[in-house]
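Trainee: Please take me through this entry term by term. I want to know what each label rests on.

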Amino acid sequence: MAVDVLIGMALVLGVLILIHEWGHFIVARVFKVRVDVFSLGFGPRLFGWKRGVTDYRVSAIPLGGYVRMAGQDLSEVDSNDVAPTGAPDELMSKPRWQRVLISFAGPAVNLIFPIILLTGFFALVGMPYSAYLDKPVEITAVPMDNASSPDALQPGDQIVSIDGVKTPKWEQAEMQLAKVGAKERLQLEVLNNGKLRTVETLPKGFLESDSSIGFLPRAAVVDFVESGKPAMGAGIRSDDKIIAVNGKKIDVWGQFVEYVRGSKGKPLDLEIQRKGQVLHKTVTPIQGVTETGEPYYQIGVSPQEEVAYRRVSFNEGLRVAFGNTADVTGRILGVVGRLFSGRLSVRQLHTVVEISRAAGNAVHRGPMSVILLMAGMSINLGILNLLPIPILDGGNILLLTLEGIRRKDFSLRFKERFVQVGLVFLLVLFAYIMYNDVVGLLPTHS
């Protein structure tokens, strides 16, 4: 697992930071800014070559990279509290709008990269989708409040149509359920033991909570365990299979979620299967908040997903990649908004500690998981760097914008203090979040 984490960190953070710096590099060269160093990695120089004025080097720590532009470091400017002009090929000698674009280029590349990455993956490998969509609509298990009703769906039922539309597989069923929207009742034609019958049910919650016409056929196997949540404290691990909760058999993931959501914070006795052994774990769910602000109980695990691939055209892959990137960007911006409004706690953020665990897990799962994680992290990195915080690209853009409004540069002393404030803020925030990440990895005792 340690090897997976190292490979994952190099692939995810290393590549994404390098791409970010490449964006700055390209636009800087477009505006004829002299770039002294373009480094793959950090730390001491191992080897490299010089082309023109730029030293292209490979450094000792392969986690990202950096670009050093002429005139970029204010501490190297010999000036008594006066904004520098510098040589014609130095950064500070360029117009403000060019410096804004150079700062913006790094985050912009991070936001564009997922579209390119996903489009290439979809075109070459195929578009991933849940393998259960190819299966017949057979009900394996139903919610607890349905089981007692003789007129409701029962385990073993196969839904052959919804509102008169044939649904031979889950794919058609989900498409039809999406079309009916907020309709009050659904008419289902159901086959069981060779007999057809009609069942009426409510569509609400099926696509969202996995329960209106029975749970989706997803195995109750844990994929990722989040640090700082009850599951990790209870000793639950990736690849654990949940076989019972409080002595009640679990067939599919939706049943397990139902028990956690309905626990009201009371301890649950889990029977799990791990490498052929049956273990018992006690976990106490905690209350979380959904994106819409609704409370729910959770333990901090996600399910493994059996995935299949469908070949698509380049244009179709591009369309879906763009849509996915836009969707993830919107959700991340929503998280940022809730952070600044106080509706989301900083404790729910993660540092490189938790990211490294996620990266290692993605490497263990395979190329698709790595690519999806890289796409999501790239968007995160792009949005993070656009925040108007000193020392980040967004802070530099803010400073240049204010200078443009006042039509006068701030003094070097002010700029240095501006950067120092941002650095201290980020270091304190990083230390606090990392502390929570590390504490979340420590075993707990009940």
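**Labels and their cut-offs**

Trainee: What conventions apply?

Mentor: This is a predicted model, in which local features need pLDDT of at least 70 and side-chain atom pairs count only at pLDDT 80 or more, while totals for chains, interfaces and linings use all residues. Residues are numbered from 1 along each chain as its sequence is written, and side-chain values use heavy atoms, with hydrogens and water left out.

Trainee: Why is the span of α2 called close to the expected one?

Mentor: The expected span is 1.5 Å times one less than the number of residues. Helix α2 (residues 96-124) has 29 residues, and its first and last C-alpha atoms lie 42 Å apart, close to the 42 Å expected.

Trainee: Where is the kink in α2, and what is its angle?

Mentor: The kink is at Ala105, shortly before the proline Pro107, and comes to about 35°. The bend is the angle between axes fitted to the seven residues ending at a residue and the seven starting there. After α2 comes Gly126, with a positive phi near 125°.

Trainee: Why is Ser378 called buried?

Mentor: Buried means under 20% relative accessible area, exposed over 50%, and partly exposed in between (1.4 Å probe, protein chains only). Ser378 has 0%, so the label is buried. Ser378 sits in helix α10 (residues 367-386), and touches Leu16, Asn110, Phe113 and Pro114, not counting residues up to four places away in sequence. Of the chain's 446 residues, 42% count as buried.

Trainee: Why are β10 and β12 edge strands?

Mentor: The open sheet runs β10-β9-β11-β12, with antiparallel pairing. β10 (248-249) and β12 (277-283) each have a single partner strand, so one side of each is without a neighbour in the sheet.

Trainee: How many bridges join β6 and β7?

Mentor: Seven, antiparallel, between β6 (residues 186-192) and β7 (residues 195-201). Asn192 stands opposite Lys195. This hairpin has two residues between its strands, and Asn193 takes a positive phi near 55°.

Trainee: Over which residues does pLDDT fall below 50?

Mentor: pLDDT is the predictor's confidence in each residue, from 0 to 100. The chain averages 81, and 79% of the residues score at least 70. Residues 78-83 are below 50, with eight contacts beyond near neighbours in sequence. Residues 205-209 also stay under 50, with 13 contacts beyond four places in sequence. Where pLDDT is low, predicted coordinates should not be read in detail.

Key: Pairing = 2+ DSSP bridges. Helix = DSSP H or I, 4+ residues; strand = E, 2+ residues; numbered from the N terminus. Contact = heavy atoms within 4.5 Å.
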